Amino acid sequence: MAFTFLSSPHFLSPLPQFLSLKRHQTLLKPHLPLPLVSLPNRLLGAPSAIGPDGKFYPNPSDDDPPEAPEDTGHGVNKFQQIERQASRARKQQEEEYKKHQSTFLSAIADVEDAPENTSSVYSDNSGDDLFGEIDKAIALKRKEFVKQGLLEPNPKKELEVIEELEPEEVVDLEEIDELQGLTVVSEDSVSDSDGSKKFDDVDEVGNRDRSSSLSSSFDLDFDHYGKVKPRIVEPKFKISLAELLDESKVVPISVYGDLEVELSGIQHDSRMVSFGDLFVCCVGRKTDGHLYLSEADKRGAVAVVATKEIDIEETLGCKALVIVEDTNAVLPALAASFYRYPSKNMAVIGITGTNGKTTTSYLIKGMYEAMGVRTGLLSSVAYYVHGDNQLESPNTTPDAVLVQNLMAKMLHNGAEAVVMEASSHGLAQGRCNEVDFDIGVFTNLTREHLDFHGSEEEYRDAKAKLFSRLVDPERHRKVVNIDDPHASFFIAQGSQDVPVVTFAMENKNADVHPLKFELSLFETQVLVNTPHGILEISSGLLGRHNIYNILAAVAVGIAVGAPLEDIVRGIEEVDAVPGRCELIDEEQAFGVIVDYAHTPDALSRLLDSVRELGAKRVITVIGCAGESDRGKRPMMTKIATDKSDVTILTSDNPKSEDPLDILDDMLAGVGWTMQDYLKYGENDYYPPLPNGNRLFLHDIRRVAVRCAVAMGEEGDIVVIAGKGHEAYQIEGDKKEFFDDREECREALQYVDELHQAGIDTSEFPWRLPESH
């Protein structure tokens, strides 16, 4: 880790607290005066052994040892004291045994007798087995009672010999052996084209060498040895419906039933309802929550918020009904009130923009953690309570209830700050309405989500809602990328008195900008100029586009007055972000990168960065999702074919659309149709494009990834774009596991086997042996 200061650091403003400018009350305990200690009178008086002639005559009693209390062992050495205590204990035990002899004897009457030669039986016992020692002591005590005639000896138990196992017992034993063997075989290696199972280098499980499997279980992970992950405590909340309506300031049209009913949760998804919850009937784009009221009732909802009148007497356990004008509008207020407005007690950094939100959020979290601040994270990749305590992350921005729930969980477990991606969907739908942001970060704005927003202006306005809420100059800060043409629009949102910290790569008037940088396949080095000094940062994040993300994080650090060394240390500790320009390294001779780029701008930035890394050839796999913006599909193909030597078009979550129809839309980017492409395929020859680059197509993503990896040669860089961290593929109503990163790793091993078999995979299409 390297950081250099070329000028002495000085802070932009003398802020009393750089983490959060929210007001906090601190209670200080008053200092109490210490009590006076009274000294013994004998030390204050005159000596009593002075004779009338003025000479000192010592009193013999002064040399006597102090008198010992009567209950001590004065005059008895320590060993004798212990012996006397043990004697008293034995005597008390004997008296207790005589008093309850019948109870003791009946308690061990059925215990198996100890063997005659106890030394040989128990010689292997190391003493670590506490329960074994107890059993041994009981058996020996019973043997003593038998000798005294107090108990009858028990007959020795003979093991029942089973001559032959039943068929179902044989099957059970085989299943147990298989589980103990821990054999995992993929579908590809299990079944070939005719469906027959094949196991390479695997003998019968019963004949397998068990020693290796047993020894492997004792392998230690020294990276995590001694590190105990703290347990995440789930906070519990209880509130009456009347109190919830009052504190949330929700004004209902009408109310029915018992308003004093106690609520233990709040949900708008009937599948998530549990006993004691309030169910809010929200209306979505595809469905209406009112249709699932009966399911919520069966799951234990005790109160309902709706826009229609419902006969609650016909429900099983619903005790109250609240009618409002718009359930979607009141849900964020109800959720924030139920969870006691957790964002008001933490520093909240919101990040909006089309690209770079996730990586920037990881960098800011790392920087805050380097400052010693427990920081949570809400991103499209993962949710973190703080530190390394990760939860599953299903959406870019969680719904209004989950936002408040997660922040309450973070606060309850000691988080002091939270970094949050603010997507256009979340901002437009009001999911972030009750989040008290302290800092707003704008990364960039390009075409995206027009299927939802309708126009680029509506998309921009949705993003700007984050900045419109920054109105307090004492507490709020704006961090803006002024290389983006929409920067002035975002700066104008909210109060003009709120301080702004700018960053850029091209505009050298920005507060934070690079003086120089170096890019490679393994490291990015950048020298950053800031108002407080110059920073030298060495990051494992690859590509020019990641320099923007680093600058954004530095700008946030400057905005909150963070120490410069903490800014550098926090950023450098983030080696990689899942699915964001993630390097797949299986010791191959070429680079393989997986990235989430799924917009024209993101893909263009990614391929420019890859080209700057000095690749001999760039081989790109790209697809477009179904049921989304069709207008960007030809644009994605045009960018990929212009900036890649080889492009392979494929599927990416086609959903209910036909993958071939999506690919037909994408081919329009080079002036082709599906018919044109299929015509070329009849002769197994696909002509180069006018710019000399090549274009291929396969509607099965796994095949496309394997083809791209197979074409890789020394010095090439293979780019698998579009899915990134996503670990699924949606086709129709099916959502199946699919991870580009795992597919690349398997493809690298698979292609290595083909090369060892003497098969040339450098050209596409390539033919596989029948066994594959």
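**Close-up 1. Helix α24 passes helix α25 in a right-handed crossing.** Right-handed here means that the near helix is turned clockwise from the far one by less than a right angle, and left-handed that it is turned anticlockwise. Helices α24 (residues 701-711) and α25 (residues 740-756) pack with their axes 9 Å apart, at an angle of about 55°. That angle makes α24 oblique to α25; the naming goes by roughly parallel under 35 degrees, roughly antiparallel over 145, roughly perpendicular from 65 to 115, and oblique for the rest. From α24, the contact takes in R701, R702, V705, R706, V709 and A710. From α25 come D740, E743, C744, E746, A747, L748, Y750, V751 and H755. Contact means heavy atoms within 4.5 Å. Axes are lines fitted to C-alpha atoms, for helices over the stretch in contact, and angles run from 0 to 180 degrees between N-to-C directions. Helices (H or I, at least four residues) and strands (E, at least two) are DSSP runs, numbered from the N terminus.

This is a predicted model, so to speak of local features takes a pLDDT of at least 70, side-chain atom pairs count only at pLDDT 80 or more, and totals for chains, interfaces and linings use all residues. Six strands make an open, mixed sheet. The strand order is β19-β20-β24-β21-β22-β23, where two strands pair if DSSP finds at least two bridges between them. β19 (582-583) and β23 (694-697) are the edge strands, and each has a single partner strand, so one side of each is left without a neighbour in the sheet. β19 pairs with strand β20 (residues 591-595) in the antiparallel sense, over two bridges. Look for E582, which stands opposite V594 in β20. Helix α21 (residues 633-643) packs on this sheet and touches β21 (618-624), β22 (646-651) and β23. The direction of α21 makes about 175° with that of β21. α25 packs on the sheet too, touching β19, β20 and β24 (717-721), and its direction makes about 160° with that of β20.

**Close-up 2. Helices α20 and α21 lie side by side, roughly parallel.** The axes of α20 (residues 600-612) and α21 come within 9 Å and cross at roughly 10°. On the α20 side, the residues that meet α21 are P600, L603, S604, L607, D608 and R611. Their counterparts in α21 are M635, M636, I639, A640 and K643.

**Close-up 3. Strand β6 is covered on both faces.** In a regular strand the side chains alternate between the two faces of the sheet. In β6 (residues 303-306), A303 and V305 sit on one side and V304 and A306 on the other, and all of them are buried. Buried means under 20% relative accessible area, exposed over 50%, and partly exposed in between (1.4 Å probe, protein chains only). Strand β5 (residues 277-280) runs parallel to β6 and is joined to it by three bridges, with V280 opposite V305. β6 also pairs in the parallel sense with strand β7 (residues 320-323), over four bridges; there, the bridge partner of V305 is V322. β5, helix α10 (residues 293-298) and β6 make a right-handed β-α-β unit: with the strands pointing away from the viewer, the path from the first strand over the helix to the second runs clockwise.

**Close-up 4. Three antiparallel strands form an open sheet.** The order is β16-β17-β18. β16 (513-519) and β18 (533-539) take the edges with a single partner strand each, so one side of each is left without a neighbour in the sheet. The twist averages 10° from one strand to the next. Seven bridges link strand β17 (residues 524-530) to β18 in the antiparallel sense, and L527 has E536 as its bridge partner in β18. Helix α18 (residues 544-559) packs on the sheet, touching β16, β17 and β18, and its direction makes about 35° with that of β17.

Close-up 5. With a relative accessible area of 18%, T446 is buried. Not counting residues up to four places away in sequence, T446 touches T354, N355, Y459, T599 and D601. K655 is not a glycine either, and its phi is positive at about 60°.

Notes
Residues are numbered from 1 along each chain as its sequence is written. Side-chain values use heavy atoms; hydrogens and water are left out.
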